[in-house]
Amino acid sequence: MTENTPRIPGPSAPPGEAAGKTPEPSGVDLARVALRAAKEQARARGDAAQQKKQARRGGLRSGARADGRDPMALGAAINRLLTERGWETPAAVGGVMGRWPQIVGDDLARHCAPLRYDDDPAERVLTVQCDSTAWATQLRLLAPQLVARLNQDLGHGTVRLIKVQGPGGPPRRFGPLRAPGSTGPGDTYG
């Protein structure tokens, strides 16, 4: 179209109106709008009356259909709590500490026990204490396979390192038969 050509209203516009204007609502459209508004007001009044009635009865009660107020199974409630608080990894590692003999075997479990788990994302270290230096050495050799086994059970990257501690040894005593600064026999106590 050129600039000098006059605009002609389109076929959808009633005669005498420009093409860009919307027509005024007619009687039927006005009735629909009024009916919709009346329904919304009635629904709001009904909801308010229902809430007042429930408050008089002693609070909200569960109906025939399931909703968020229904009781849930204990296992589901615990799983929901673990998820909401972000305790999945510490709980899984705690389960590993309970199943330690099944994971590492009875022979190794009799001599090595898990002490703690550092769940810091940068660390993720499982600390294990052994009752002799020989078992500590054995566990250090088995550590890579044990880390792989634990990550298989718990999820990839849950345990990055196993820190092995030897036996604690007897209490250090000072007396006339001790040399100052002596650490004792290192072969037996770590």
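The legends below describe close-up views of a predicted model. Local features need pLDDT of at least 70 and side-chain atom pairs count only at pLDDT 80 or more, whereas totals for chains, interfaces and linings use all residues. Residues are numbered from 1 along each chain as its sequence is written, and side-chain values use heavy atoms, with hydrogens and water left out.

**View 1. The open sheet has three strands in the order 1-2-3, with mixed pairing.** Helices (H or I, at least four residues) and strands (E, at least two) are DSSP runs numbered from the N terminus, and two strands pair if DSSP finds at least two bridges between them. The edge strands, each pairing on one side only, are strand 1 (112–118) and strand 3 (161–165). Neighbouring strands are turned by 25° against each other on average, direction ignored; axes are lines fitted to C-alpha atoms, for helices over the stretch in contact, and angles run from 0 to 180 degrees between N-to-C directions. Strand 1 pairs with strand 2 (residues 125–130) in the antiparallel sense over six bridges, and Ala 113 has Gln 129 of strand 2 as its bridge partner, while Arg 116 has Thr 127. Strand 2 and strand 3 run parallel and are joined by five bridges, with Leu 161 of strand 3 as the bridge partner of Val 125.

View 2. Contact here means heavy atoms within 4.5 Å.

**View 3. The largest nonpolar core has 22 residues.** Such a core is a set of buried Ala, Val, Leu, Ile, Met, Phe, Trp, Tyr and Cys residues joined through side-chain atoms within 4.5 Å, where buried means under 20% relative accessible area, exposed over 50%, and partly exposed in between (1.4 Å probe, protein chains only). The residues with the most contacts inside this core are Leu 139, Leu 146, Leu 150, Val 159 and Ile 162, and its largest share, seven residues, comes from helix 6. Leaving aside neighbours within four places in sequence, Leu 139 is in contact with residues including Cys 112, Cys 130 and Val 164. Cys 112 is buried at a relative accessible area of 1%, and Cys 130 is likewise buried at 2%. The count of disulfides (cysteine sulfur atoms within 2.5 Å) comes to zero.

**View 4. Arg 124 has a positive phi of about 55° although it is not a glycine.** Most residues other than glycine have a negative phi. Arg 124 lies in the loop between strand 1 and strand 2, a hairpin with six residues between the strands, and is partly exposed at a relative accessible area of 24%.

**View 5. The side chain of Asn 151, in helix 6, has a polar atom 2.9 Å from the backbone nitrogen of Val 159.** Asn 151 is buried, with a relative accessible area of 14%, and, not counting residues up to four places away in sequence, touches His 156, Gly 157, Thr 158 and Val 159.

Technical notes
A polar contact is a pair of N or O atoms within 3.5 Å; within protein, one must be able to donate a hydrogen and the other to accept it, and residues adjacent in sequence count only if both atoms are side-chain atoms.
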